[in-house]
Amino acid sequence: MTGSPENEIYICRCEEVTREEILAAIADGATTVKGVKIRTEAGMGLCQGRTCRRLISQMLARTRPPSDIYPPTIRTPVRTAKIREYTNGEDDL
Ligand code: FES
């Protein structure tokens, strides 16, 4: 597997994590998307895993029996909001 051109493709484009790095994380014992994320930082980029999460899940599914696959926990990206949006424009709280 190592050195193969297909292993050089980016699975996580935001963090520039290659297929080879994901496979190494799985070989290192990652059994969940979070486990791969901790080992490689895949899924921690600008899109917060929207692009790469499914690809990583598919790679995990190919290496694990279905009973060992756990759905990823997802936190939505944080967006700043002005307090005014919650108080209907009233400044006094
Ligand atoms: S592609 Fe992985 S975090 Fe964006």
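Predicted model: local features only at pLDDT ≥ 70, side-chain atom pairs only at ≥ 80, totals over all residues.
Local features are given only where pLDDT is at least 70 and side-chain atom pairs only at pLDDT 80 or more, while totals for chains, interfaces and linings use all residues. Residue numbers start from 1 along each chain as its sequence is written.

**View 1. The buried face of helix H2.**
H2 spans residues 33-40. Helices (H or I, at least four residues) and strands (E, at least two) are DSSP runs, numbered from the N terminus. Val33, Val36, Lys37 and Thr40 of H2 are buried. Buried means 20 or more other C-beta atoms within 10 Å of the residue's own; exposed means 12 or fewer, and partly exposed lies in between, with C-beta atoms placed from the backbone. Seen down the H2 axis, the buried residues fall within an arc of 100°, so they line one face of the helix. The arc is that of the directions from the helix axis to the C-beta atoms. An α-helix has 3.6 residues a turn, so residues three or four places apart point the same way. Strand E2 (17-18), helix H1 (19-27) and helix H3 (53-63) pack against the buried residues of H2.

**View 2. The buried side of helix H1.**
Glu21, Ile22, Ala25 and Ile26 are the buried residues shown in H1. They cover an arc of only 140° around the axis, which puts them on the same side of H1. Their cover includes strand E1 (10-12), E2, H2 and H3. Just after H1, Gly29 has a positive phi of about 120°.

**View 3. H1 crossing H2.**
The two helix axes come within 9 Å and cross at roughly 115°. That makes H1 roughly perpendicular to H2. Axes are lines fitted to C-alpha atoms, for helices over the stretch in contact, and angles run from 0 to 180 degrees between N-to-C directions. Angles under 35 degrees count as roughly parallel, over 145 as roughly antiparallel, 65 to 115 as roughly perpendicular and the rest as oblique. The crossing of H1 and H2 is right-handed; in such a crossing the near helix is turned clockwise from the far one by less than a right angle, and in a left-handed one anticlockwise. H1 contributes Glu21, Ile22, Ala25 and Ile26 to the contact, and H2 contributes Val36, Arg39 and Thr40. Residues are in contact if their C-beta atoms, placed from the backbone, lie within 7 Å. Four residues of this contact are nonpolar, one is polar and two are charged. Ala, Val, Leu, Ile, Met, Phe, Trp, Tyr, Cys and Pro count as nonpolar, Asp, Glu, Lys and Arg as charged, and the others, Gly among them, as polar.

**View 4. Lys34 and its partners.**
Lys34 sits in helix H2. Lys34 is partly exposed because it has 14 C-beta neighbours inside 10 Å. Beyond its neighbours within four places in sequence, Lys34 contacts Pro72 and Thr73. Lys34 and Pro72 are 38 residues apart in sequence, yet their C-alpha atoms are 6.8 Å apart.

Glu41 is not a glycine, yet has a positive phi of about 70°. Leaving aside neighbours within four places in sequence, Met44 contacts Glu15 and Lys37. Met44 and Cys14 are 30 residues apart in sequence and 7.8 Å apart in space, C-alpha to C-alpha.

Definitions and conventions:
Contact = placed C-beta atoms within 7 Å.
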